[in-house]
Amino acid sequence: MIAQPYHIYIERTDPTKNMARYYALEISGTLFGETCLTRTWGRIGRRGQSKMHMFENEQKAVDLFLDLMRQKRSRGYRPRSPLRKPA
């Protein structure tokens with residue numbers, strides 16, 4: 001059982017480079033009591049790719065979640081602007 005919800009959606013855009021990327025992270029529980037960290041990424045407006053990481057405890061999933069967030073923030077990913085409409 002997950003103690004609290006973990007979900008984030010961030011974007012990186014640069015019109016001069018024709019760059020419009022998104023990255024989403026979510027921690028959820030499985031039917032078998034494991035913790036699952038799901039990463040989804042791709043071009044904004046497209047399906048993109050996904051990868052799932054399974055953990056026996058929530059803390060390891062949270063550690064990876066925070067580490068990935070730090071990496072993406074350092075590369076320029078930010079939460080979507082509330083003024084911009086979703087694709």
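Contact here means that heavy atoms lie within 4.5 Å of one another. The structure is a predicted model, in which local features need pLDDT of at least 70 and side-chain atom pairs count only at pLDDT 80 or more, while totals for chains, interfaces and linings use all residues. Residues are numbered from 1 along each chain as its sequence is written, and side-chain values use heavy atoms, with hydrogens and water left out.

**Thr-35 and the strands**

Not counting residues up to four places away in sequence, Thr-35 touches Ile-2, Ile-27, Ser-28, His-53, Met-54, Phe-55, Asn-57, Glu-58 and Ala-61. Thr-35 lies in strand S3, residues 35–43, where strands (E, at least two residues) and helices (H or I, at least four) are DSSP runs numbered from the N terminus. Because its relative accessibility is 6%, Thr-35 counts as buried; buried means under 20% relative accessible area, exposed over 50%, and partly exposed in between, with a 1.4 Å probe and protein chains only.

**Helix H1**

The 17 residues of H1 should span 24 Å at 1.5 Å a residue, and the end C-alpha atoms of H1 are 25 Å apart, which agrees; the expected span is 1.5 Å times one less than the number of residues. Glu-58, Ala-61, Val-62, Phe-65, Leu-68, Met-69 and Lys-72 are the buried residues of H1. Seen down the helix axis, these buried residues fall within an arc of 130°, so they line one face of H1, the arc being that of the directions from the helix axis to the C-beta atoms. They pack against S1, S2, S3 and strand S4, residues 49–55, whereas Lys-60, Arg-70 and Ser-74 are exposed on the other side of H1.

At the start of H1, a side-chain oxygen of Asn-57 reaches to within 3.3 Å of the backbone nitrogen of Gln-59. After the helix comes Gly-76, whose phi is positive, near 105°.

**The nonpolar core**

A nonpolar core is a set of buried Ala, Val, Leu, Ile, Met, Phe, Trp, Tyr and Cys residues joined through side-chain atoms within 4.5 Å. The largest such core has 13 residues, of which Tyr-23, Leu-25, Ile-27, Leu-37 and Phe-65 touch the most other members. Strand S1 (6–14), strand S2 (19–29) and H1 each give two or more residues to this core, and H1 gives the most, with five residues. In soluble globular proteins, nonpolar side chains tend to be buried together.

Leu-37 has contacts that include Leu-25, Ile-27, Lys-51, Met-52, His-53, Phe-55, Ala-61, Leu-64, Phe-65 and Leu-68, leaving aside residues up to four places away in sequence. Leu-68, found in helix H1 (residues 58–74), counts as buried because its relative accessibility is 5%. Beyond its neighbours within four places in sequence, Leu-68 is in contact with Tyr-23, Leu-25, Leu-37 and Arg-39. Leu-68 and Pro-79 are 11 residues apart in sequence, and their C-alpha atoms are 14 Å apart in space.

Technical notes: Polar contact = N/O pair within 3.5 Å; in protein donor to acceptor, adjacent residues only side chain to side chain.
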